[in-house]
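Please prepare a short briefing on the structure shown below, with the criteria behind each term stated where the term comes up.

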Amino acid sequence: MQALFRNPIVEPGILGTSAGAALGASCVIGFAGSLSVMLPMIPVIWFQPIVATIFASLATYLVIQLSGRASQVTTTSLLLSGMSINAIAVSIMGFISYFSRDPQARSITFWNLGTFSGAGWWQCWMVLGIGIPCIGYCFRKSHQLNTLLLGYTDALYSGTEVKKLRNQILFANTVMVAVLTGFVGVIAFMGMIVPHIMRLLVGSHHRMLLPAAALSGAILLCLTDLFARTIIAPAELPIGIITSLIGAPLFIFLYRKFSPLYGEGGIND
Amino acid sequence: MIKVENVSFSQKGKYLLSDINFQISSGKFHAIIGPNGAGKSTLIKLLAGSLHPTEGKIWMNGRELSTYSISALAGMRAVLSQYYPILMPIKTEELILLGKSDRFEALNSKYDRIKMLGLLEEMKITHLYNRYYHSLSGGEAQLVQLCRVLLQLEREDISANNKFLFLDEPVSHLDIQYQHAVLAVATSLVSKGITVVSVLHDINLALDYASNIHMMKMGKLIRSTSEEQPLIPEDIRQVYGLDASLVDTGRAHQYMIRIHPPLK
């Protein structure tokens, strides 16, 4: 994503993917009873990822459309449109949880903070089944993703079909994030922090960066989850609380320390 | 060879280029000069295929430009722009390897690496190879970008005569020694048979390096010089509205343009 928008701060949270998925999942939780009456054929557990994917795609699409054509997307326009779509999603979610009965409201809140408590083997296989082809696809395109570093026009000059690549990667990413968010909720900052750290460690080459970010992200999440489960045992802390609490300051620290690397867009003379 | 036939380009109802006709002969160094807003960069973008003419046709190697696929075009022509802001940390080596052809292969394919090292050696910038791109000076960065672009032109299944290097103001912001370093590399390509087309601001650099100078003004091609019909002071008056004279430098075939400042 960061390569696609040529911008080191892009993550699914900013692009509205997470918020959209969260809204979709909240709707399912809030209206689960009436949904299963309307469509009794489909088990409720299927709704969450499907609805989350639809809402996530919609929100991502909206954010990108609002921030202008991709060739001109600036950090500011992306942040602004992302913020407004996120705000809308959050307010609708608030509305739903306000009007739902207590167990559902609580599960929406809990779920917005992100938690592994609801995850079982079934969800795990589902995520694997969708995640592996998506990551594999991105990995195959790593050279083309690399060329985007040069800018859209020069990526085109070096033989990358930029538009096609952008749509495909966006699609793969939205599906992946939406399904994941549909199961475990919003886990903030992972999508921004992990690629950042890995970029500093292994460089910007996507053939190394993609697997490094995927693996280290998984490892970091497992560790955080372990912490979340044990710190106030026998209760369990939502994992999103920890990732935000640690992730945000860490992000600011890293950015300040390495900001010369990201420059202001010009060449140091 | 490139043939430009009655090409016009308009954006939002405004004509940036109108009715351009000319040919770019193979294996020569072509310069495009003219005042700001003359349409030089637009013309380069049309020739490189990132913009498409709104009227007229461009033929490259006997086929219409728009019928080539993006990846086929990437093997035939490479483009170096004025400068590249890069927002992510990247090693010089990785940046140059972005110019290799798009294949799914090992991280550092030996073939591309050997070619890259050869090019670095040729350009005398082997010492930059392990640096971070953002730590380079403007001139060093431009040489590294040139190296990437040359790697893109290394494909062996296309003959040198059918390959083009487009330079869009490649040296405008560089120190003199780097200006000549970049243009000397471009000249060495010409001796291999590759065609170079460059937008230049400095008329004297164009005189030094180019065999054909194409002069533009307000979206029109005013005149193309050749070895038989070289640049004359009258051209400068017509294109820039400035008084000028040709000065003999004392060396064989080396003339320079001296602009006479308007008198107060």
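A78(B) has its place in strand β6 (residues 77-80) of chain B, where helices (H or I, at least four residues) and strands (E, at least two) are DSSP runs numbered from the N terminus. The model is a predicted one, in which local features need pLDDT of at least 70 and side-chain atom pairs count only at pLDDT 80 or more, while totals for chains, interfaces and linings use all residues. Residues are numbered from 1 along each chain as its sequence is written, and chains are lettered from A and ligands numbered from 1 in the order in which they are written.

**Surroundings of A78(B)**

- A78(B) is buried, because 27 other C-beta atoms lie within 10 Å; a residue is called buried if 20 or more other C-beta atoms lie within 10 Å of its own, exposed if 12 or fewer, and partly exposed in between, with C-beta atoms placed from the backbone.
- Apart from its neighbours within four places in sequence, A78(B) is in contact with Y157(A), V149(B), Q152(B), L153(B) and L165(B), contact meaning that the C-beta atoms of two residues, placed from the backbone, lie within 7 Å.
- Between the C-alpha atoms of A78(B) and G62(B), which are 16 residues apart along the chain, the separation is 18 Å.
- From β6(B), R77(B) and V79(B) point one way while A78(B) and L80(B) point the other way, and all are buried.
- In a regular strand the side chains alternate between the two faces of the sheet.

**The sheet of chain B**

- An open sheet of 6 strands in chain B has the order β6-β7-β8-β3-β9-β10, with mixed pairing; two strands pair if DSSP finds at least two bridges between them.
- The edge strands are β6 and β10 (220-224) of chain B, each of which pairs on one side only.
- From one strand to the next, the twist averages 20°, with axes taken as lines fitted to C-alpha atoms (for helices over the stretch in contact) and angles running from 0 to 180 degrees between N-to-C directions.
- β6(B) runs parallel to strand β7 (residues 164-168) of chain B, and 4 bridges join them; in β7(B), F164(B) stands opposite R77(B), and L167(B) stands opposite L80(B).
- Helix α1 (residues 40-48) of chain B packs on the sheet, where it touches β3 (29-33), β6, β7, β8 (195-199) and β9 (212-217) of chain B, and its direction makes about 155° with that of β7(B).
- Helix α6 (residues 176-191) of chain B also packs on the sheet, touching β3, β7 and β8 of chain B, with a direction that makes about 150° with that of β8(B).

**Strand β1(B), its partners and positive phi values**

- β1(B) and β2(B) run antiparallel and are joined by 7 bridges, with I24(B) in β2(B) as the bridge partner of I2(B).
- These two strands form a hairpin with 2 residues between them, and K12(B) in the turn has a positive phi of about 50°; K12(B) counts as exposed because it has 5 C-beta neighbours inside 10 Å.
- β1(B) is also joined by 5 bridges to strand β4 (residues 55-60) of chain B, the two running antiparallel, and S8(B) stands opposite E55(B) in β4(B).
- E169(B), in the loop between β7 and α6 of chain B, has a phi near 45°, a positive value in a residue other than glycine, and is partly exposed, with 18 other C-beta atoms within 10 Å.
- Most residues other than glycine have a negative phi, and most peptide bonds are trans.

**Helix packing in chain A**

- The axes of helix α6 (residues 121-140) and helix α9 (residues 162-184) of chain A come within 10 Å and cross at roughly 160°.
- That crossing makes α6(A) roughly antiparallel to α9(A), since angles under 35 degrees count as roughly parallel, over 145 as roughly antiparallel, 65 to 115 as roughly perpendicular and the rest as oblique.
- By class, the contact of α6(A) with α9(A) has 13 nonpolar, 2 polar and no charged residues, where Ala, Val, Leu, Ile, Met, Phe, Trp, Tyr, Cys and Pro count as nonpolar, Asp, Glu, Lys and Arg as charged, and the others, Gly among them, as polar.
- Helix α1 (residues 17-30) of chain A packs with α9(A) at an angle of about 45°, their axes being 9 Å apart, and the two are therefore oblique to each other.
- The contact of α1(A) with α9(A) has, by class, 5 nonpolar, 5 polar and no charged residues.
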